[in-house]
Amino acid sequence: MERYVAFDIGDKRIGVAISDPFNTYALPSSTYFRKGFKEDISALIKIASEKGATVIVCGLPVNFDGTEAVQTVRTQKFIDGLKEAAAIPVVCQDERFTTKMAHETLISEGMRREKRKNYVDALAAANILDGYLATINKKGV
């Protein structure tokens with residue numbers, strides 16, 4: 001049985017989410033605070049292992065029209081490092097609007113701005129993973 005972990009990769013923080021046991025929805029898990037490229041790669045592989053993940057899903061930021069952004073290149077470099085180091089598959093998922101949706105959810109719940117930054121990345125990772133799960137469940141993979 002597959003188990004998915006998703007990462008919303010930012011310059012300072014990485015949001016973490018995990019799939020439910022039946023891979024029907026994503027659960028926000030935690031936020032990892034970045035320390036350095038190699039240390040971050042090792043930490044994410046450890047997180048994936050601790051969560052029992054069989055596949056890593058990484059959000060790939062692109063422009064509104066689907067073209068590459070500056071952040072796309074930066075994130076892709078990190079994902080490539082993760083692919084090299086991980087013993088399990090690493091896949092990309094379009095992450096357009098996931099952080100915006102996460103902010104809107106937290107605002108609608110009345111969460112103050114200072115507190116939101118502690119949760120927004122994990123919630124964005126859950127949005128990324130929900131998108132990926134919807135795609136594979138639709139295909140019947």
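A residue is called buried when its relative accessible area is under 20%, exposed when over 50%, and partly exposed in between, using a 1.4 Å probe and protein chains only. This is a predicted model, in which local features need pLDDT of at least 70 and side-chain atom pairs count only at pLDDT 80 or more, while totals for chains, interfaces and linings use all residues. Residues are numbered from 1 along each chain as its sequence is written, and side-chain values use heavy atoms, with hydrogens and water left out.

**Stop 1: Thr75**

Select Thr75, which sits in helix 2. Helices (H or I, at least four residues) and strands (E, at least two) are DSSP runs, numbered from the N terminus. Thr75 is buried, with a relative accessible area of 1%. Which residues does Thr75 contact, leaving aside its neighbours within four places in sequence? They are Ile9, Gly59, Leu60 and Pro61, where contact means heavy atoms within 4.5 Å.

**Stop 2: the rest of helix 2**

Now select residues 70-85, which form helix 2. From first C-alpha to last, the 16 residues of helix 2 reach 24 Å, close to the 22 Å expected at 1.5 Å a residue; the expected span is 1.5 Å times one less than the number of residues. Besides Thr75, the buried residues of helix 2 include Thr72, Phe78, Ile79, Gly81 and Leu82. Colour their packing partners: strand 1 (4-9), strand 2 (13-19), helix 1, strand 4 (55-60) and strand 5 (90-94).

**Stop 3: helix 1 against helix 2**

For the side chains, show Phe37, Asp40, Ile41, Leu44 and Ile45 of helix 1 with Lys77, Phe78, Gly81, Leu82 and Ala85 of helix 2, which make the contact.

**Stop 4: Asn23**

Go to the loop between strand 2 and strand 3 (26-33) and pick Asn23. Its phi is near 55°, a positive value in a residue other than glycine. Most residues other than glycine have a negative phi. Asn23 is buried, with a relative accessible area of 7%.

Conventions:
Axes are lines fitted to C-alpha atoms, for helices over the stretch in contact, and angles run from 0 to 180 degrees between N-to-C directions.
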